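Trainee: I have the model open and would like to go through it with you. Could we begin with the packing inside?
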Amino acid sequence: MTIETRETLALQGGAPVRASFLPFHQPLVDADDERAVLETLRSGWLTTGPRTKGFEKDLAAYTGSAHCVAVNSCTAALHLALEAVGVGAGDEVMTSPITFASTANVIVHCGARPVFVDVEPDTLNIDVGAIDAAVTPRTRALIPVDFAGQPCDLDAVMAIGARHGLPVIEDAAHSIGAEYKGRRIGGIADMTCFSFYATKNITSGEGGALTTNRQEWADRIAVMALHGISHDAWKRYGAEGYRHWDIIAAGYKYNMFDLQAALVRSQFDKLERFHARRVALKTRLDAGLQDVPEITLPAERAWARHAYHLYPIVVRTEMLTADRDTIMNAIQAENIGIGVHFRAVHLHPFYADTFGFRRGMFPHAEYYSDRTISLPLYPRMTDADADAVVAAVRKVFSHYRR
Ligand SMILES: Cc1ncc(COP(=O)(O)O)c(C=O)c1O
């Protein structure tokens with residue numbers, strides 16, 4: 001183990017490791033992306049149209065699924081998926097407490113109750129061995145989350161879903177480009193929901209998509225994503241002549257539009273390149289941090305091709321004189337942006353107050369929730385940026401070491 005000298009932390013008035021701030025995330029948008037958006041701006045068609053349809057076709061082909069509906073967020077995709085399988089008042093939907101707000105919020109939007117299942121302590125993905133015991137006659141769907149970009153154990157979750165007649169809706173917000181046992185995410189679960197939010201591995205600023213092999217769900221989702229009306233606008237105003245539309249359900253305004261589609265389609269071409277850069281940076285961070293005894297890194301399963309969306313570390317506060325938040329603030333003061341993914345959802349006030357969740361119910365999630373920090377990991381980072389992250393983390397841990 002390298003023993004660093006205890007330099008004065010920037011938090012305490014010392015010189016920061018970096019002279020300028022390294023943001024937690026910065027999207028990589030190049031001239032091709034700009035050209036694609038500009039061409040769309042000049043095309044005369046801005047809303048949902050040929051570019052969105054083209055992206056849907058390409059994403060379906062890439063994931064090996066029969067259908068894709070592009071929407072304006074992963075949150076919208078998750079909501080539409082639950083609507084399509086008929087989740088409503090009095091139902092229960094199972095998910096992981098280590099996720100973003102929206103995975104649980106959409107369950108509530110449907111009038112249903114979120115049922116959390118603890119995570120595996122090493123991968124932070126849902127503990128598939130604990131799902132069965134949480135199934136009740138009211139359970140209507142399972143939403144496993146591919147945490148940080150590592151697919152959950154899909155064969156196991158799908159088998160549980162099949163045994164209980166429950167659709168599996170995969171929250172793949174982090175995992176575009178990931179593979180499970182050599183198969184791409186998006187063609188395995190009953191429905192898969194992707195995010196193209198600004199921080200995601202490919203982005204349209206805001207955006208999302210859902211893939212499925214089931215025609216009836218794809219049809220329902222396409223209708224519900226656009227007001228519940230029976231024809232897409234671009235068909236209504238197309239060259240084929242005016243067609244009346246009917247409102248067949250009280251739908252939502254969740255459609256992706258062509259400016260978004262142009263950007264994400266252009267980014268999609270670079271997915272493999274971005275992935276390779278993420279792997280290189282991740283390897284560099286691993287090498288720089290592997291001998292810091294107070295840090296644990298999430299485990300990777302041999303069957304996973306990880307999308308490396310995030311670089312979360314677990315801070316073993318038992319071995320330090322400071323808690324997670326102090327460590328986090330100290331790293332930030334060294335001019336390194338950080339994030340937290342995630343504080344366990346069941347402990348947030350709304351979920352605790354509304355559903356009676358308490359600390360102690362999901363110990364693995366809670367241990368992680370109190371200790372995690374996400375370090376920067378994105379293709380726009382240079383090797384020197386990654387080295388600065390390592391230097392800042394080592395400096396801070398060395399300072400607070402017991
Ligand atoms: C696990 C997870 N699910 C869902 C979402 C929602 O994605 P979006 O912002 O596209 O709605 C996020 C967003 O960060 C996420 O991290």
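Trainee: Which residues have the most contacts inside the largest nonpolar core?

Mentor: They are Phe 55, Leu 59, Ile 131 and Phe 196, in a core of 39 residues. A nonpolar core here is a set of buried Ala, Val, Leu, Ile, Met, Phe, Trp, Tyr and Cys residues joined through side-chain atoms within 4.5 Å, where buried means under 20% relative accessible area, exposed over 50% and partly exposed in between, with a 1.4 Å probe and protein chains only. Bear in mind that this is a predicted model, in which local features need pLDDT of at least 70 and side-chain atom pairs count only at pLDDT 80 or more, while totals for chains, interfaces and linings use all residues. Residues are numbered from 1 along each chain as its sequence is written, and side-chain values use heavy atoms, with hydrogens and water left out.

Trainee: Which elements each supply at least two residues of this core?

Mentor: Helix H2 (50–63), strand S1 (67–71), helix H5 (131–134), helix H6 (154–164), helix H9 (258–268) and helix H10 (271–289) do, and H2 gives the most, with four residues. These elements are DSSP runs numbered from the N terminus, helices being H or I with at least four residues and strands E with at least two.

Trainee: And what is Phe 55 in contact with, leaving aside neighbours within four places in sequence?

Mentor: Phe 55 touches Ala 70, Phe 196, Met 256, Ala 261, Val 264, Arg 265 and Phe 268, contact meaning heavy atoms within 4.5 Å. Apart from this core lies another, of 33 residues, including Ile 338, Leu 375, Ala 388 and Val 390.

Trainee: Switching to strands, why is S4 largely enclosed?

Mentor: Four of the five residues of S4 (residues 139–143) are buried, so this strand is largely enclosed by the rest of the structure. Strand S2 (residues 92–95) runs parallel to S4 and is joined to it by four bridges, with Val 93 opposite Ala 141. Two strands pair if DSSP finds at least two bridges between them.

Trainee: What is the order of the three strands in the open sheet?

Mentor: The order is S7-S6-S11, with antiparallel pairing, and the edge strands, S7 (183–184) and S11 (304–305), each pair on one side only. Two bridges join S6 (residues 179–180) to S7, and Tyr 180 has Arg 183 as its bridge partner in S7.

Trainee: Now the ligand, how many residues surround it?

Mentor: There are 16, and the closest are Thr 75, Asp 171, His 174, Ser 195 and Lys 200, a residue being near if one of its heavy atoms lies within 4 Å. A polar side-chain atom of His 174 is 2.7 Å from an oxygen atom of the ligand, a polar side-chain atom of Ser 195 also lies 2.7 Å from a ligand oxygen, and a polar backbone atom of Cys 74 is 2.9 Å from an oxygen atom of the ligand. Taken alone the ligand exposes 390 Å², of which the protein buries 93%; the areas come from the Shrake-Rupley method with a 1.4 Å probe, and for residues only the protein chains shown count as cover.

Methods. Polar contact = N/O pair within 3.5 Å; in protein donor to acceptor, adjacent residues only side chain to side chain.
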